[in-house]
Amino acid sequence: MAPLPTSHRSLPLPKYIYLDVCRCVYIYVADHCVLSHPSSTSPLSLESVNPAYSMIPGSYMMFFQFVGCCLLLLLYSLRFRSSSPVHGPRSYPVIGCLVAFYENRRRLLDWYTEMLSASPTQTIVVDRLGARRTVVTANPVNVEHILKGNFANYPKGKPFTDVLGDLLGKGIFNVDGEMWSAQRKLVSHEFSARTLRELEIAVLEAEALDRLVPALEAAAEPGGGAVDMQDVLRRFAFDVICRVSLGVDPGCLDPALPAPRLATAFDAAAGIIARRGAAPVAAVWKIKRALDIGSERRLREEVKVIHEAVMDLIRSRKKERFLVNGARNDLLSRMIECGYADEEIRDMVISFIMAGRDTTSSALTWFFWLLMRHRDVERDVLDEITSMRQQLQGSSSSSNAGEGFDLDDFRRMRVLHAALSETMRLYPPVAWDSKHAAAADVLPDGTRVGAGDRVTYFQYGMGRMEAIWGSDAADFSLDRWLALPSDGMAGGVSPFKYPVFQGGPRTCLGREMAFAQMKFVACAVLRRFDLRPVDEGRTPVFLPLLTSHMAGGLNVTVRRRVEDARHGTHDAATTAGKTH
């Protein structure tokens, strides 16, 4: 059999394979068949490869080319699959794992978790038509490499910033490099300032006593009906973050007022951007944006509302500086004092509102649901709250919701901290986080990463990995946290094993403030109210948008608790039953 001419060895591999396959098929026929109609032409000029090809008739040529194409696809498929990891979705040439992706589209989180659990390295590679090659990992060693060890090689990247850019602009959560570093230094200083932390506690107390507690008391009245705790908590969080970040009270939780336009604009914009990020093919929403149609037109309108509202506040606050003595402590005012440009202040403030409006409310929604499923844990949390309050009996305002607790008191609440940490292990406010490799790299487990590849660490799956948490990884257990040293509750678990607040240089600056807010709400609600699910048998669906949500909300009925100074708190119905 004649060898392929040397000149064709320089062809791209797929075409080289194709010609080699055709050569084998054609020569075999030439050697074993009587061909009497020489072909004068060939679409691929194969006679230039070997003179024997000129003996083959045109009809045979077309047939052999078809056979060659089929064999090429087969060889390419084998090559494609051999270069893919052993553990991962089944992939095919061109379309990748699109078929498997479509089949599992309604259970993506569990599907990814199953594949990661089956992988010996807790890492898989996903190739899919219309998407970048994606490395997904639940391996803490890989996570540390991405977030810390080779941090500079894993920025958020342009694909990520394109999705969020219309809303967040050049805010801290949507930039990389020097711009991110400069904003990080400023924000780090502000978040460490005691005045901002004191402002948060004051805002929490006012919002809880004036709105949250009255709203739940109204629901506890006879005929009060069910209440969606997820919606209540989201409204509460939006009011708090606006008062801390902007220094204004939107009154989102006030039942006497309609939902503020700023809040509805944030809701609409966040929903559209979440659908951008989940789109199988990014070109679709980019075309819609270019044509200014459909959801992209709606997004532009909602972003305009948000930008104008924040810019109006910036201008009015600047004028206020010359009219009112004494500086405000909210984040907006402090950034104005630092001399940043209006657009930079706008983008930073919007970033913090987006980060703070849904993350704590998401965690608290799942926290209350889990406590309703685990009444023994609820009792332990209540006992700790009661014990802490009894230590503060000298406070003149000890009967108020959460009054008397400061940041040091919250830090000492080990049981409550363990319950919140365990909640976020199983139901993290952000299900996954992605970076984009600036240059080719090899992860510690040996997985190769190409330049431009999307690299995702999967918090939701990591919380369910037996390789990380043991055989009881699927259980809601506080023991895994309470077993830590008493001074290690906050930092006793590696952030790369539990990356709910990220890790490395991008570690969440608002971590302590988030825990303070969640503990404050838990204290204010649990010691006053007993929550009961409307549907006891329902297992809610975890919905991973920009921040996770509980599909359908958390509908509960509310009962008042009766506080007993000696024995803690009990729900009113139970206490009434005992007196009879």
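When I say contact today, I mean heavy atoms within 4.5 Å. With that settled, hi everyone, and one caution: this is a predicted model.

Let me start with Met115, in helix α4, which covers residues 108-118. Met115 is buried, with a relative accessible area of 10%. Leave aside the neighbours within four places in sequence, and Met115 is in contact with Gly88, Pro89 and Ile124. Pro89 sits 26 residues from Met115 in sequence, and their C-alpha atoms are 7.6 Å apart in space.

Okay, stepping back to the whole protein. We have 580 residues, and buried ones make up 49% of them. On the secondary structure side, there are 22 helices and twelve strands. Take the contacts between residues at least 6 apart in sequence: 69% of those join residues at least 24 apart. As for the surface, the protein exposes about 26,800 Å², and carbon and sulfur atoms supply 56% of that.

Now the inside. Which residues of the largest nonpolar core touch the most other members? Those are Tyr112, Leu167, Phe367, Phe368, Leu531 and Val558, in a core of 145 residues. Helix α14, residues 342-373, gives this core its largest share, at 16 residues.

Have a look at Val558 while we're here. Apart from its neighbours within four places in sequence, Val558 contacts Leu216, Ala219, Ala220, Val227, Phe529, Asp530 and Leu531.

Next, helix packing, two pairs. First up, α7, residues 177-192, and α8, residues 194-220: they pack at about 60°, with axes 5 Å apart. That angle makes α7 and α8 oblique to each other. On the α7 side the contact is made by Glu190, Phe191 and Ser192, and on the α8 side by Arg194, Leu196 and Arg197.

The other pair brings back α14, this time with α10, residues 261-278. Here the angle is about 80° and the axes are 12 Å apart. Roughly perpendicular or oblique, then? Roughly perpendicular, because the range for that label is 65 to 115 degrees, and that is how α10 and α14 are classed. At the contact, Ala263, Phe266, Asp267 and Ala270 of α10 meet Ile350, Ile353, Met354 and Arg357 of α14.

Two individual helices are worth a stop. α15 runs over residues 375-390, and its 16 residues should span 22 Å at 1.5 Å a residue; the end C-alpha atoms are 22 Å apart, so that agrees. Buried residues in α15 are Val377, Glu378, Val381, Leu382, Glu384, Ile385, Thr386, Met388 and Arg389. You'll notice Glu378, Glu384 and Arg389 in there.

Then α21, which has 16 residues and reaches 22 Å from its first C-alpha to its last, close to the 22 Å expected. How many of those residues are buried? It's 14 of the 16, so α21 is largely enclosed by the rest of the structure.

On to a few single residues. His145 lies in helix α5, residues 140-149. Its relative accessible area is 18%, which counts as buried because the cut-off is under 20%. Not counting residues up to four places away, His145 touches Asn150, Phe151, Tyr154, Asp441, Val442, Leu443 and Pro444.

Asp535 is in the loop between β8 (529-533) and β9 (542-544). Asp535 is partly exposed, at 46% relative accessible area. Along the chain, Leu554 is 19 residues from Asp535, and their C-alpha atoms are separated by 9.5 Å.

Last topic: backbone angles. Most residues other than glycine have a negative phi. Against that background, Asp292 has a phi near 55°, and Gln502 has one of about 60°. Where do we find them? Asp292 lies in the loop between α11 (282-291) and α12 (294-321), while Gln502 is in the loop between α20 (479-482) and α21 (511-526). Buried or partly exposed? Asp292 is partly exposed, with a relative accessible area of 27%, whereas Gln502 is buried, at 19%.

Technical notes. Residues are numbered from 1 along each chain as its sequence is written. This is a predicted model: local features need pLDDT of at least 70, side-chain atom pairs count only at pLDDT 80 or more; totals for chains, interfaces and linings use all residues. Side-chain values use heavy atoms; hydrogens and water are left out. Helices (H or I, at least four residues) and strands (E, at least two) are DSSP runs, numbered from the N terminus. Buried means under 20% relative accessible area, exposed over 50%, partly exposed in between (1.4 Å probe, protein chains only). The expected span of a helix is 1.5 Å times one less than its number of residues. Accessible areas come from the Shrake-Rupley method with a 1.4 Å probe; for residues, only the protein chains shown count as cover. A nonpolar core is a set of buried Ala, Val, Leu, Ile, Met, Phe, Trp, Tyr and Cys residues joined through side-chain atoms within 4.5 Å. Axes are lines fitted to C-alpha atoms, for helices over the stretch in contact, and angles run from 0 to 180 degrees between N-to-C directions. Angles under 35 degrees count as roughly parallel, over 145 as roughly antiparallel, 65 to 115 as roughly perpendicular and the rest as oblique.
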